[in-house]
Amino acid sequence: MTLDESDLKNGLRFIVGTWRPDYVVSMFSNDLAHIPAADFKTDDGSDLTALCFVFTEDHAVKAFGSPDGKEYGGKWEQTGWSDYKLDLDAFDEIPEGPFKEGVRSLSVQDGRLVLGLAFLAIAFMKTEEGVVTEEPDVGDLTPSETDLAMKDIVGRYAVARANFYDGENFEMLSRDEAAAALEKMIAGGQIEAGEAGERLGSVYDTVTEFTDDYKVKTWMPLPASVSEDDVRAALESGEIEEVSDGMFLTETKEWKAVNGKYYYNTEAHREIFGEVKSPWDELAFDENGLLPFGDGWMLLEKI
């Protein structure tokens, strides 16, 4: 299976640390009872709690507490959402076959790492978190001189296509396609003509500007009913921040170029399973020269 970057990051955070046996299950038991690892004695009189795996973020692993008293090193890799492979030095002496494949395989079950050892399944519990170096957020990266010279994105952009409701579904529509869909909705009594015009304008009349000083500005046309005195009063009161060429500024964000790529700060708070995600989205032109923007809800075209 193919694991994406998020899968690998989550898998890394999960496994890195110290793991010790929690319980053992015998495949020969009638009820598959969980036998505490401390109660499961080995031939030399010790118990399984002496066994320990330490996984590190560089994909190295160390095994302690084996019956021969040796320490073994090796590597680990993630092979699935909840599967890992071990490659310990100790395995070199084990013949290829089902037994070796079993002791090399780890699966995640109920938050434990489970290792198969012949007719036994040993469930390991993490007893100590390891160190996982977090990658710096885009907002914390400093652009290089090459990055600072990246200014091709600077300019004003109109909405070429947008995710627009056509009366039945949301589709990526051009302005003309959206207008035609609204006409059908008006004819079918789904929407009033005035509301249709407002909906069309609120999406397709916006202009997005990437400025030379790393600002992302969103502009909307001033309503025809607004007088110059109204505009002046709104500017003086701070109700609107800026007016230019018959348009007023609705919001200002920021963009930057780092590591040869463009990004902009959505300022959105994102959290997945308690983990805060970056508010910075990459900006990359598609094969048609259009710029996906706003979580991909619109495609911008330079004007």
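Mentor: A search of the whole structure finds 15 salt bridges. A salt bridge here is a side-chain nitrogen of Lys or Arg within 4 Å of a carboxyl oxygen of Asp or Glu. The model is predicted: local features need pLDDT of at least 70, side-chain atom pairs count only at pLDDT 80 or more, and totals for chains, interfaces and linings use all residues. Residues are numbered from 1 along each chain as its sequence is written, and side-chain values use heavy atoms, with hydrogens and water left out.

Start with Asp212 and Lys151. Their side chains meet in a salt bridge of 3.0 Å, N to O. Asp212 sits in the loop between β12 (207-210) and β13 (215-221), and Lys151 in the loop between α3 (145-148) and β10, so the pair ties together parts 61 residues apart in sequence. Helices (H or I, at least four residues) and strands (E, at least two) are DSSP runs, numbered from the N terminus. Lys151 is partly exposed, with a relative accessible area of 25%. The cut-offs are these: buried is under 20% relative accessible area, exposed is over 50%, and partly exposed is in between (1.4 Å probe, protein chains only).

Arg232 forms a salt bridge with Asp229, with the closest N and O atoms 2.7 Å apart. Both residues lie in helix α6 (residues 228-237), 3 residues apart, about one turn of the helix. Asp229 is exposed, at 53% relative accessible area. Arg232 counts as partly exposed, at 41%.

Now a strand-to-strand pair. The side chains of Asp281 and Arg270 meet in a salt bridge of 2.7 Å, N to O. Asp281 belongs to strand β19 (residues 280-283) and Arg270 to strand β17 (residues 270-272), so the bridge ties together parts 11 residues apart in sequence. Asp281 is buried, with a relative accessible area of 16%. Elsewhere, salt bridges that share partners join Glu5, Lys9 and Glu135 into one network.

Ala158 lies in strand β10 (residues 155-165). At 23% relative accessibility, Ala158 counts as partly exposed. Leaving aside neighbours within four places in sequence, Ala158 is in contact (heavy atoms within 4.5 Å) with Thr206, Leu299, Leu300, Glu301 and Ile303.

β10 also meets a helix. The buried residues of α4 pack against β10, β11 (170-173) and α5 (193-204). Helix α4 (residues 175-187) has 13 residues and reaches 18 Å from its first C-alpha to its last, close to the 18 Å expected at 1.5 Å a residue. That expected span is 1.5 Å times one less than the number of residues. In α4, Ala178, Ala181, Leu182 and Met185 are buried. They cover an arc of only 100 degrees around the axis, which puts them on the same side of α4. The arc is that of the directions from the helix axis to the C-beta atoms. On the other side of α4, Asp176, Glu183, Lys184 and Ala187 are exposed.

Look at both ends of α4. Ser174 is found in the loop between β11 and α4. At 16% relative accessibility, Ser174 counts as buried. Not counting residues up to four places away in sequence, Ser174 touches Ala160, Arg161 and Tyr204. After α4 comes Gly189, whose phi is positive, near 75 degrees.

Last, the nonpolar cores. In soluble globular proteins, nonpolar side chains tend to be buried together. A nonpolar core is a set of buried Ala, Val, Leu, Ile, Met, Phe, Trp, Tyr and Cys residues joined through side-chain atoms within 4.5 Å. The largest has 26 residues; those with the most contacts inside it are Ile15, Phe53, Phe55, Trp76, Leu86, Leu113 and Phe124. Among the elements that each supply at least two residues of this core are α1 (5-15), β5 (72-80) and β6 (83-88). A second, separate core of 25 residues includes Ala162, Ala178, Phe210 and Tyr262.

β5 and β6 pair in the antiparallel sense over 6 bridges. Pairing requires that DSSP finds at least two bridges between the strands. β5 and β6 form a hairpin with 2 residues between them. Gly80 has Asp83 in β6 as its bridge partner. β6 also pairs with strand β7 (residues 105-109), antiparallel, over 3 bridges. There, Tyr84 stands opposite Leu106 in β7.
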